[in-house]
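Dear colleague,

I am handing over the structure below, followed by an account of what was found in it. Please read the two side by side.

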Amino acid sequence: MSTTAVGIDIGGTGIKGAVVDLASGELVSERSKVATPEGGRPEDIVAAVKDMVDELGVDERDAPIGVCFPAVIAGGRTLSAANVSDEWIGLKAEKLFERALDRDIHFVNDADAAGFAEVQYGAAHNSDGHVIVTTLGTGIGTAFIYDGVLIPNVELGHLEINGVDWETKASNAAREREELSWEQWAARLQKFYSRLETYFHPELFIVGGGVSKSHEEFLPLLDLKTRIVPAKLRNNAGILGAAALASPEHARRGKHRSK
Ligand code: BGC
């Protein structure tokens, strides 16, 4: 049985990858990182992923590879494109990667991968009940996990508040772009998490994305009934989750099941 797998995390800003020890959730290679090619077009991103996999030195043909991507993914197709080129919409993207890498991959939404990783190795390890993982980055990603089982393609970052797609106001990119203070940003996050709480009543919120390393600046400013904690895996969550979802053991248990 494979004890390692490759995880590749494609984002609107950067592409990261590493080889992961599936039992411990540790990275067992250097973490490789490149900027997402300008325009986020399919052939450029696929080429960058191929270079990264080559660079990681994964020559074993059957090493499982998981790739996560910032879009709705169903039946191997990318159905949306919020922070990458529109050319992805409707594309048979999984096949495109498989052809370039000359092997099968597991292809999944980036927030779903991050959520799955937090359940396997991080802040929601063995948590029962409903956990909502949110990633605050270029966009806002969301993952629903119930009793360790991932419900894929939940896209709550696009919740409309005051007629506005809320990730354009409350993502970390929006905070940076508008030079918001922590207080100003927290006021926008408050609206977001309050809505989620009202509609879904989770047991736990987990907040990921690179900015979660500064969680002390903004999480204490939120007033919620639900417990809210920073992600443990921070920026490695996508890599770890994509790798874990690609593992043969996971495939045997059925797609998206972690227990
Ligand atoms: C996309 C999601 C993605 C999130 C984080 C959103 O704009 O619609 O699919 O998970 O950004 O990258």
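The place to begin is helix H8 (residues 237–246), which is largely enclosed by the rest of the structure because ten of its ten residues are buried, where buried means under 20% relative accessible area, exposed means over 50% and partly exposed lies in between, all with a 1.4 Å probe and protein chains only. The buried residues of H8 are Ala-237, Gly-238, Ile-239, Leu-240, Gly-241, Ala-242, Ala-243, Ala-244, Leu-245 and Ala-246. Helices here are DSSP runs of H or I with at least four residues, strands are runs of E with at least two, and both are numbered from the N terminus.

Please keep in mind that this is a predicted model, in which local features need pLDDT of at least 70 and side-chain atom pairs count only at pLDDT 80 or more, whereas totals for chains, interfaces and linings use all residues. Residues are numbered from 1 along each chain as its sequence is written, and side-chain values use heavy atoms, with hydrogens and water left out.

On the domains, the protein chain is divided into domain 1 (4–112 + 236–254) and domain 2 (126–232), with bounds that come from an automatic or database domain assignment. Their centres, taken over C-alpha atoms, are separated by 23 Å. Between them, eleven residues of domain 1 are in contact with 13 residues of domain 2, contact meaning heavy atoms within 4.5 Å. The area buried between the two domains is about 850 Å², and carbon and sulfur atoms give 48% of it; buried area is the accessible area (1.4 Å probe) that two parts lose on being put together, summed over both. On the domain 1 side, Asn-83, Ala-111 and Asp-112 lose the most area to domain 2, together 54% of what that side buries.

What kinds of polar interaction were counted between domain 1 and domain 2? There are zero salt bridges between them, a salt bridge being a side-chain nitrogen of Lys or Arg within 4 Å of a carboxyl oxygen of Asp or Glu. Three residue pairs, both members at pLDDT 80 or more, are in polar contact across the two domains, that is, a pair of N or O atoms within 3.5 Å, where within protein one must be able to donate a hydrogen and the other to accept it, and residues adjacent in sequence count only if both atoms are side-chain atoms. Strand S6 (73–74) and helix H3 (110–121) each supply at least two residues of the side of domain 1 that touches domain 2.

The structure as a whole holds eight salt bridges. In one of them, the side chains of Lys-50 and Asp-54 meet at 3.1 Å, N to O, and both residues lie in helix H1 (residues 42–55), four residues apart, about one turn of the helix. Lys-50 is partly exposed at 31% relative accessibility, as is Asp-54 at 47%.

Another salt bridge joins Glu-176 to Arg-175, with the closest N and O atoms 3.9 Å apart; Glu-176 is exposed at 51%, while Arg-175 is buried at 15%. The side chains of Lys-225 and Glu-197 also meet in a salt bridge (4.0 Å, N to O). This pair links distant parts of the chain, 28 residues apart, with Lys-225 in the loop between helix H7 (215–218) and strand S15 (227–230) and Glu-197 in helix H6 (residues 182–200).

With best regards
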